[in-house]
Amino acid sequence: MHATGSFSHLSEARAIAELNDRSREIFRQIVESYLTTGEPVGSRHLSRILPMALSPASIRNVMADLEAAGLIFAPHTSAGRLPTETGLRFFVDAMMEIGDVTSDERARIEAQMRAAASGHTLETALAEASAMLSGVSRGAGVVVTSKSNARLKHIEFVRLDPARALVVLVSEDGSVENRLLDLPAGLPAGALVEAGNFLNARIQGKTLGDIKREVVARRGDMERELDVLTARLVEAGLATTAGPADSRQLIVRGQANLLDDLKAVEDLERIRLLFSDLETQTDVIDLLSRAEGGEGVRIFIGSENKLFSLSGSSMIAAPFRNGSQKIVGVLGVIGPTRLNYARIVPMVDYTAKVISRILEQGR
């Protein structure tokens, strides 16, 4: 996508507000045609498909006004017009009629998610969600979730040598995480077992965050029950697990869908750039995390965010919550700017709600 960049937001907003019905209808047809085909639309084609009788010359005048407002542009290869990123944003925010998820689709999403979650890990259900969203969108399905949201089942301290131990965390969903821990000098022989027993007596069904808070709040109890070095070991063991840098994981499914309907060599280059964007996991995680800030679905278009400034891609994402109504992750779709927004927005929204319900009911 090209962003015009030649108008201030104020003058764009004013020009957009002043669009009459005829201009809006021509603009809608240009955007909807682009979202369907990816091709520029010319005045001759518009004169055939518009619900009102207008000559190609009248349409060209309206297109010139839309171009001056920064909503459409002429790619160098064609006399037709495409929407700019500003135009797409305006269409998505002010003109798009969001579809609804049919009752059949709701039942299918619900059944798929519950089947993936029952007897499997939450990660399996989230991978299924991203694969399903990829299937309906022709884009890549993405999910980011916090590793520290898993409910813990067991914790163990395993000595590797006099100065180091391994902290082994086993979650209820079957996932296992190992962390290296430096041991304090002079630690009693039985301290590792004692620290493990102390935590396992309190850990069942709680997240790592819950346990950390409890240990801080009840430090006095812990110090009465354990000697000072063992108490320090418990705190160090919890502190060393799931640090902020690697506490979030990214699941991507269906990248191959992005290759299905390439129109031109430029498309191939754009997809290559998007693939390299998706490989920089921390940037994708940061972008998805921005969708945690609001209620419902967030739409990011093209260079509105740094990550997609080269590939000109879009992302539609929605947060999901656990039983305490705390946001614990985000799922969505990344693809070309000509995603079918009206269909994908409600699908992403509904899938996020289903995942939230599954988490609330503890699967």
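In this predicted model, a hairpin links strand β4 to strand β5 by way of 2 residues. The two strands run antiparallel and are joined by 8 bridges. Within this pairing, Val158 is placed opposite Leu166 of β5, and Ile155 is placed opposite Leu169 of β5. Strand β5, which spans residues 164–171, also pairs with β6 in the antiparallel sense, here over 7 bridges. One of the bridge partners in β6 is Asp182, which stands across from Arg164.

Together these strands form an open sheet of 3 strands in the order β4-β5-β6, with antiparallel pairing. The edges of the sheet are β4 (152–161) and β6 (176–182), each of which pairs on one side only. On average, neighbouring strands of the sheet are turned by 20° against each other when direction is ignored.

The sheet belongs to a chain of 363 residues that contains 14 helices and 10 strands. Buried residues account for 47% of the chain. Among the contacts in the chain with a separation of 6 or more, 64% are made by residues 24 or more positions apart.

Two helix pairs were examined in detail. The description of two packed helices rests on the angle between their axes and the distance between the axes. Helix α7 (residues 122–137) packs with helix α14 (residues 341–360) at an angle of about 165°, and their axes lie 11 Å apart. Because the angle is over 145 degrees, α7 is roughly antiparallel to α14. The crossing of these two helices is right-handed. On the α7 side, the contact comprises Leu122, Ala125, Leu126, Ala129, Met132, Leu133, Val136 and Ser137. These residues meet Arg343, Ile344, Met347, Val348, Thr351, Ile355 and Leu359 of α14. By residue class, the contact of α7 with α14 consists of 12 nonpolar, 2 polar and 1 charged.

The second pair consists of helix α2 (residues 21–37) and helix α4 (residues 56–68), which pack at an angle of about 80° with their axes 10 Å apart. An angle from 65 to 115 degrees counts as roughly perpendicular, and α2 and α4 are therefore roughly perpendicular to each other. Helix α2 contributes Arg22, Ser23, Ile26, Phe27 and Ile30 to the contact, while α4 contributes Ile59, Val62, Met63 and Leu66. The residues of the contact of α2 with α4 divide into 7 nonpolar, 1 polar and 1 charged.

Most residues other than glycine have a negative phi. Arg138 is not a glycine, yet has a positive phi of about 65°. The relative accessible area of Arg138 is 38%, which means that this residue is partly exposed.

How values were computed. Residues numbered from 1 in each chain as written. Predicted model: local features only at pLDDT ≥ 70, side-chain atom pairs only at ≥ 80, totals over all residues. Heavy atoms only, no water. Axes fitted to C-alpha atoms, helices over the stretch in contact; angles between N-to-C directions. Helix = DSSP H or I, 4+ residues; strand = E, 2+ residues; numbered from the N terminus. Parallel < 35°, antiparallel > 145°, perpendicular 65-115°, else oblique. Left-handed = near helix turned anticlockwise from the far one by under 90°. Contact = heavy atoms within 4.5 Å. Nonpolar A, V, L, I, M, F, W, Y, C, P; charged D, E, K, R; others polar. Pairing = 2+ DSSP bridges. Buried < 20%, exposed > 50% of the residue type's maximum accessible area, 1.4 Å probe, protein only.
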